[in-house]
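Subject: Structure handover

Hi,

Here is the structure I promised to pass on. Please open it alongside this note.

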Amino acid sequence: MRGLSLITGAALCGATLAFANDQETTMQTHPYIGTWITADGHIRQELLPNGRYDEARGTRKSAYQGRYEVDGDHIEYWDDTGFTADGDFIDGVLHHGGMVFYRDGKVE
């Protein structure tokens, strides 16, 4: 039985790794990856291809960092300090935390 549990564990580990690799590949090519900036340029949020984000505020680089997941046009954030937030992409604009972010700061 011990040999069977090792094989089962290895198979599950391989399946988890394959899922993680598929998820990372999807994130690397996701259309929302990149820099999102408020119209006044004060807040800049970079959605990284590895499922992490880095948010700068004013002159403070990396004011907030954490992980994110996108499901359709909805984004969920889990900050490294423990708080959570969410937002929605509507017509190419990110609405998050009562703020509006534009792709690379380009207001259309």
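Below is what I found, starting with the overall fold and ending at one residue.

Keep in mind that this is a predicted model.

**The fold**

Eight strands make a closed barrel, in the order E1-E2-E3-E4-E5-E6-E7-E8. The pairing is antiparallel. From one strand to the next, the twist averages 30 degrees.

**Strand pairs to look at**

Start with E1, residues 34-38. Four bridges pair E1 with E2 in the antiparallel sense. Here Thr-35 sits opposite Glu-46 of E2.

Next, go to E5, which covers residues 74-79. E5 is joined to E6 (residues 84-90) by five bridges, and the two run antiparallel. His-74 faces Asp-88 in E6. E5 and E6 form a hairpin, with four residues between them. In that turn, Gly-82 has a positive phi of about 115 degrees.

E6 also pairs with E7 (residues 93-96), again antiparallel, over four bridges. Ile-90 has Val-93 in E7 as its bridge partner. The E6 and E7 hairpin has two residues between the strands. Asp-91 takes a positive phi there, near 50 degrees.

**The core**

The largest nonpolar core has 13 residues. Trp-36, Leu-47, Tyr-68, Ile-75, Tyr-77, Phe-89 and Leu-94 touch the most other members. As background, nonpolar side chains in soluble globular proteins tend to be buried together.

**Ile-75**

I would like you to look at this residue in strand E5. Is Ile-75 buried or exposed? Its relative accessible area is 0%. Buried means under 20%, so Ile-75 counts as buried.

What does Ile-75 touch, leaving aside neighbours within four places in sequence? The contacts are:

- Leu-47, also listed among the core residues that touch the most other members
- Tyr-68, Glu-69 and Val-70
- Ala-85, Asp-86, Gly-87, Asp-88 and Phe-89
- Leu-94

Asp-86 deserves a look on screen. Ile-75 and Asp-86 are 11 residues apart in sequence. In space, their C-alpha atoms are 5.4 Å apart. Ile-75 lies in E5, and E5 is bridged to E6, residues 84-90.

Best wishes

Methods
Residues are numbered from 1 along each chain as its sequence is written. This is a predicted model: local features need pLDDT of at least 70, side-chain atom pairs count only at pLDDT 80 or more; totals for chains, interfaces and linings use all residues. Side-chain values use heavy atoms; hydrogens and water are left out. Buried means under 20% relative accessible area, exposed over 50%, partly exposed in between (1.4 Å probe, protein chains only). Contact means heavy atoms within 4.5 Å. Two strands pair if DSSP finds at least two bridges between them. A nonpolar core is a set of buried Ala, Val, Leu, Ile, Met, Phe, Trp, Tyr and Cys residues joined through side-chain atoms within 4.5 Å. Axes are lines fitted to C-alpha atoms, for helices over the stretch in contact, and angles run from 0 to 180 degrees between N-to-C directions.
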